[in-house]
Amino acid sequence: MGIIAWIILGLLAGIIAKMLMPGKDPGGFIITTLIGIAGALLGGWLGKVIFGVDSVDGFFELSTWIAAIVGSLVLLALYRLFARRK
């Protein structure tokens, strides 16, 4: 997938992760987008390393979306954990 597809996927994954984990976050839309993009990359990498699946087959593959959303959820939870401590 190209960089534009990763950005779009990350944006959408971040929005979906935010909907699955509602609540007040210290960051706004930009932070959610960056967390989504990083989560998409993290989810794809972890899926490949831990489970041995190629989770980045394509933009419209279900495994790509699941990996991106799970990665975004993990990063959003970590962000909330560390942001509250400050």
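This is a predicted model: local features need pLDDT of at least 70, side-chain atom pairs count only at pLDDT 80 or more; totals for chains, interfaces and linings use all residues.
Residues are numbered from 1 along each chain as its sequence is written, and side-chain values use heavy atoms, with hydrogens and water left out. The protein chain has 3 helices and 0 strands (DSSP runs numbered from the N terminus: H or I of at least four residues for helices, E of at least two for strands).

**Overall fold**
- Going along the sequence, you get the pattern α-α-α.
- Of the 86 residues in the protein chain, 33% are buried (under 20% relative accessible area; exposed is over 50%, partly exposed is in between, with a 1.4 Å probe and protein chains only).
- Take the contacts (heavy atoms within 4.5 Å) with a separation of 6 or more: 72% of them join residues 24 or more positions apart.
- The chain exposes about 5400 Å², and carbon and sulfur atoms supply 76% of that (Shrake-Rupley areas with a 1.4 Å probe; for residues, only the protein chains shown count as cover).

**The nonpolar core**
- The largest nonpolar core has 7 residues: W6, L9, A13, A40, W65, A68 and I69 (a core is a set of buried Ala, Val, Leu, Ile, Met, Phe, Trp, Tyr and Cys residues joined through side-chain atoms within 4.5 Å).
- Helices α1 and α3 each put at least two residues into this core.

**S72, a serine on the inside**
- You'll find S72 in helix α3, which covers residues 62–85.
- S72 counts as buried because its relative accessibility is 0%.
- The S72 side chain reaches the backbone oxygen of A68 at 2.9 Å.
- Setting aside neighbours within four places in sequence, S72 is in contact with A13, G14, A17, I35, G36, G39 and A40.

**The nonpolar surface patch**
- I4, I7, I8, L12, I15, M19, F29, I30 and L34 make a nonpolar surface patch of about 890 Å² (patch residues have over 30% relative accessible area and no salt bridge; like charges are joined within 9 Å, nonpolar side chains of Val, Leu, Ile, Met, Phe, Trp and Tyr within 5 Å). A salt bridge here is a side-chain nitrogen of Lys or Arg within 4 Å of a carboxyl oxygen of Asp or Glu.
- Helices α1 (3–20) and α2 (29–50) each supply at least two of the patch residues, and α1 gives the most, with 6.
- One of the patch residues is I8, which sits in helix α1.
- I8 is partly exposed, with a relative accessible area of 39%.

Notes: A polar contact is a pair of N or O atoms within 3.5 Å; within protein, one must be able to donate a hydrogen and the other to accept it, and residues adjacent in sequence count only if both atoms are side-chain atoms.
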